[in-house]
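Hi there,

Here is the structure I promised to pass on. Please open it alongside this note, and I will walk you through what turned up.

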Amino acid sequence: MAEVQSGKSVFKAQKLLKVALDYAGDAVVSVKIRGDFFMHPDENLEKLEQQLRGALLERTALEERIRMFLRTTQVFGFDEKSLAEAVLMAAGKGTPPAPQ
């Protein structure tokens, strides 16, 4: 079994996303998502974090899982692409945004 590793990222989408990630190999073990975005109902953030457990650290797979979840909630400040990028960056697999 792969060793559990940890990573963090800060990503500027429409709002700021902060991701703390534990992962083993190419799979999410746990994730905490914070930032200055808005989600309604609030408790759906914990449900989203649970939904991402076990997800492959691959852009298309993450985006699809996030997209499916966002159909059940209202969110302002990020979309599936930006959250997937923030998760991948926390795992050292993303592409940091170019300096402005």
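To begin with, which residue caps the N-terminal end of H3? That would be Asp-79, which places a side-chain oxygen 3.2 Å from the backbone nitrogen of Lys-81. Please bear in mind that this is a predicted model.

The rest of helix H3 is worth a look too. H3 covers residues 80–90 and is mostly covered, with ten of its eleven residues buried. The buried residues are Glu-80, Ser-82, Leu-83, Ala-84, Glu-85, Ala-86, Val-87, Leu-88, Met-89 and Ala-90. And what covers them? Beyond the helix, Gly-92 follows H3 and has a positive phi, near 75 degrees.

Now to the strands. They form an open sheet of three, in the order S1-S2-S3, with antiparallel pairing. S1 and S3 are at the edges and each has a single partner strand, so one side of each is left without a neighbour in the sheet. From one strand to the next, the twist averages 15 degrees.

For example, Phe-11 has Leu-17 in S2 as its bridge partner.

Happy to go through any of this with you.

Best wishes

How values were computed. Residues are numbered from 1 along each chain as its sequence is written. This is a predicted model: local features need pLDDT of at least 70, side-chain atom pairs count only at pLDDT 80 or more; totals for chains, interfaces and linings use all residues. Side-chain values use heavy atoms; hydrogens and water are left out. Buried means under 20% relative accessible area, exposed over 50%, partly exposed in between (1.4 Å probe, protein chains only). Helices (H or I, at least four residues) and strands (E, at least two) are DSSP runs, numbered from the N terminus. A polar contact is a pair of N or O atoms within 3.5 Å; within protein, one must be able to donate a hydrogen and the other to accept it, and residues adjacent in sequence count only if both atoms are side-chain atoms. Two strands pair if DSSP finds at least two bridges between them. Axes are lines fitted to C-alpha atoms, for helices over the stretch in contact, and angles run from 0 to 180 degrees between N-to-C directions.
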